[in-house]
Amino acid sequence: TTSSSSICTEDTQGWFDQRGYDCVWYEVMDGPGCPKYGDQIAHESSTVKGTAYDHCCYCKNAVVASNVSPAVAPSTSETCEDTPGWRDIDGDGCDWYPENDFPGCPIYGTSYTGVMGSAAEECCYCKDPTCEDFNRKCVESSNAWNLNPGETSALCDKAASCSCKTDPYKTVTNFVVNSKETFGLYDECKCNYWLSLCEDRQIGEACDYASEYCCGDKLFSFNENDESMVFIIGNSPQCYYDFSKYVENEFGHKMSSKAIIDDYEYSNPCGRDIWKRSIDENKKSLEAIYNATNGQYWRSNDGWMDETVDHCQWYGISCDDEGHVTGIDLRDNNLVGQFPVYTRDAYFEDAYFEKHPIPESQWYFSKYGLANLYELKTLDLAENKLTGTIEYRPLYNL
């Protein structure tokens with residue numbers, strides 16, 4: 001049996017692979033033990049040599065896990081109960097703390113310790129706060145959000161995490177192109193949680209959180225010398241654009257980032273150079289749909305793939321005045337196969353990516369497909385022979 005000291009607990013600092021990615025990338029893109037990518041060697045500029053197997057816990061631990069005796073699961077504790085008759089040095093009981101402190105009692109938990117011990121030891125609200133405690137305190141604190149914005153937002157973020165019980169997002173760093181990007185930021189449950197605070201109470205900071213959990217992953221570039229960051233693109237730029245205009249028009253709030261870099265104010269989240277795709281890419285996205293669903297055998301494919309016909313005149317396609325696709329109606333048209341939400345840019349079809357395929361859900365490595373039709377508002381694919389599912393996450397205008 002391998003001793004517990006063989007278990008990796010911390011990734012090697014300073015290591016990144018030949019494409020620039022740190023160890024977090026492997027947690028997102030590979031399975032435990034990194035069977036696909038674990039043999040990736042360090043970049044030539046990395047001060048630490050070796051492979052992901054050597055330096056990333058996610059890759060190393062699965063290798064030793066089969067030799068480690070399984071841990072005994074801790075027993076489930078009974079429902080917490082306050083110590084009967086407990087009083088602090090001022091004579092207050094456990095019921096005083098929910099009204100005057102945050103869950104876990106970070107302020108007063110040990111401040112008024114008397115002969116009967118501290119609140120942190122004797123009161124459930126302090127030693128074992130519940131989801132209900134966090135939710136109630138979040139709502140109470142939101143009434144005076146501006147007085148303690150940092151503390152309140154942290155409290156509500158804990159409440160959202162407790163209520164939703166979803167996996168936290170990850171941030172991957174690429175040291176070759178100097179970028180940071182999130183993976184798994186979209187969270188429907190947290191989106192709804194923060195959206196209610198944003199809309200019902202018109203709290204700007206709550207809208208910042210809502211925009212990220214509702215709109216999803218984003219990418220920043222960073223400067224190694226001064227640690228400054230610049231927002232590059234979001235998973236659904238149209239969604240960030242809509243949030244930005246809403247909060248600015250409704251209550252004058254300038255939207256800021258919370259993920260990757262806290263309180264970074266977007267300089268121009270609505271800039272068309274950031275999120276607007278060209279008309280040519282609209283056309284290529286439609287071509288990807290045609291190729292993926294056996295377009296030559298559709299019941300009607302009038303105009304499709306004909307270079308002499310404007311893509312807005314292709315069967316089933318509607319566009320706005322600028323030529324951006326706004327509607328697709330291909331009901332009962334013999335579409336067969338998996339409808340492409342994402343497709344790959346040619347750059348990602350080389351030999352390396354043939355050997356190490358990137359999941360279709362990874363937006364950053366995609367260029368054409370349904371998710372890139374940012375003006376799309378209607379989609380009708382009923383009564384066809386499509387397989388799989390179409391993830392709605394990137395399609396915020398529908």
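**Disulfides and a helix, explained**

Modeller: Let's start with C138 and C156: their link is right-handed, with 105 degrees about the S-S bond. This is a predicted model, where local features need pLDDT of at least 70, side-chain atom pairs count only at pLDDT 80 or more, and totals for chains, interfaces and linings use all residues. Residues are numbered from 1 along each chain as its sequence is written, and side-chain values use heavy atoms, leaving out hydrogens and water.

Biologist: What makes C138 and C156 a disulfide?

Modeller: The cut-off is a pair of cysteine sulfur atoms within 2.5 Å, and theirs are 2.1 Å apart, so they qualify. The pair links helix α7, which holds C138, to helix α8, which holds C156, 18 residues apart. Helices here are DSSP runs of H or I, at least four residues, numbered from the N terminus.

Biologist: Why is C214 called buried?

Modeller: Buried means under 20% relative accessible area (1.4 Å probe, protein chains only), exposed means over 50%, and partly exposed lies in between. C214 comes in at 6%, so buried it is. Its disulfide partner C191 has 9%, so C191 is buried as well.

Biologist: Why do you say that the buried residues of α7 line one face?

Modeller: Take the directions from the helix axis to the C-beta atoms. Those of the buried residues fall within an arc of 160 degrees, so they line one face of α7.

Definitions and conventions
Helix = DSSP H or I, 4+ residues; strand = E, 2+ residues; numbered from the N terminus.
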